[in-house]
Amino acid sequence: MDQHRSGCPINLTLEVLGDRWSLIVIRDVMFGNRRHFRELLGNSEEGIASNILSARLKRLVAEGLLSKNPDPSHAQKSIYSLTGAAIELVPILVQMGAWGRRHTPVSKELSIRAQLLEEGGPAMWQGFMDELRHIHLGTPAPNISVLSALQDAYLRVVAD
């Protein structure tokens, strides 16, 4: 028996990503390069509880959006990486950020990355996805670092 409410692709996507925290965890791994439990727990703007974070990480690994591997530098730590499926969420996250910038009271420092990605368009999104594939999947490095450009813009806005 099928455990899903329907075969609708929007419904099925929401079953995977529609809870309060899943996209926030993916965002923090994707844009913040937070790869360890403690980084995700302590550096999130939203202050996720440790039990919720643990549950979301397990679920995202089970759904195939994150992988979990031992950290070679510390026997008791794990490194979380985006999978190809999670990296394909970049255009969706860009569109969510663009919508949020237009319709919600965002802060300048937390919306600068969304602004740059929206303005950069699909070519920039592809470059960012290529860079994420390099960081998380070990593909060859792209010539330009979108992640560095996004971080530099964020730091400039914070400094102002």
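Q: Below what relative accessible area does a residue count as buried, and is serine 44 buried or exposed in this predicted model?
A: Buried means under 20% relative accessible area, and exposed means over 50%. The model is predicted. Serine 44 sits in the loop between helix 3 (37-43) and helix 4. Its relative accessible area is 10%, so serine 44 is buried.

Q: Which side chain makes a polar contact with the side chain of serine 44?
A: Leaving aside neighbours within four places in sequence, serine 44 is in contact with Ile24, Arg27, Asp28, Arg34 and Glu39. The polar contact joins side chains at 3.1 Å. The partner of serine 44 there is glutamate 46.

Q: How many of the 11 residues of helix 2 are buried?
A: The buried residues of helix 2 include Ser22, Leu23, Val25 and Ile26. Asp28, Val29, Met30 and Phe31 are buried there too. Helix 2 is largely enclosed by the rest of the structure, because the number of its residues that are buried is 8.

Q: Which residue just after helix 2 takes a positive phi?
A: Helix 2 covers residues 22-32. Just after helix 2, a residue takes a positive phi of about 50°. That residue is asparagine 33.

Q: How much space lies in the largest pocket?
A: The largest pocket is lined by 30 residues. Ile24, Arg27, Glu46, Gly97 and Leu110 lie nearest its centre. Helix 2 (22-32), helix 6 (90-103), helix 7 (108-137) and helix 8 (146-159) each give two or more residues to the lining. The space in this pocket is about 1,000 Å³.

Q: How many residues apart in sequence are the parts tied together by arginine 59 and aspartate 19?
A: Arginine 59 forms a salt bridge with aspartate 19, with the closest N and O atoms 2.8 Å apart. Arginine 59 lies in helix 4 (residues 50-62), and aspartate 19 lies in the loop between helix 1 (9-17) and helix 2. Arginine 59 is partly exposed at 29%, and aspartate 19 is partly exposed at 21%. The parts that this pair ties together are 40 residues apart.

Q: Which residue forms a salt bridge with glutamate 118?
A: Glutamate 118 is partly exposed at 29% relative accessibility. The closest N and O atoms of its salt bridge are 2.6 Å apart. The pair links helix 7 with helix 6, 17 residues apart. The partner of glutamate 118 is arginine 101.

Q: How many salt bridges does the structure hold?
A: One of them pairs arginine 59 with aspartate 19. Another pairs glutamate 118 with arginine 101. The total for the structure is 8.

Q: Which side chain makes a polar contact with the side chain of aspartate 71?
A: Aspartate 71 lies in the loop between strand 1 (66-70) and strand 2 (78-82). Aspartate 71 is buried yet has no salt bridge, and the nearest side chain of opposite charge, lysine 77, is 5.4 Å away. A salt bridge needs the atoms within 4 Å. The polar contact of aspartate 71, at 2.7 Å, is with histidine 36.

Methods:
Residues numbered from 1 in each chain as written. Predicted model: local features only at pLDDT ≥ 70, side-chain atom pairs only at ≥ 80, totals over all residues. Heavy atoms only, no water. Helix = DSSP H or I, 4+ residues; strand = E, 2+ residues; numbered from the N terminus. Buried < 20%, exposed > 50% of the residue type's maximum accessible area, 1.4 Å probe, protein only. Lys, Arg positive; Asp, Glu negative; His and termini not counted. Polar contact = N/O pair within 3.5 Å; in protein donor to acceptor, adjacent residues only side chain to side chain. 1 Å grid on protein atoms, 1.4 Å probe; cavity = no way out; pocket = protein on both sides within 12 Å on 5 of 7 lines; lining within 4 Å. Points joined across faces, edges and corners; volume = space filled by probe spheres on them. Contact = heavy atoms within 4.5 Å.
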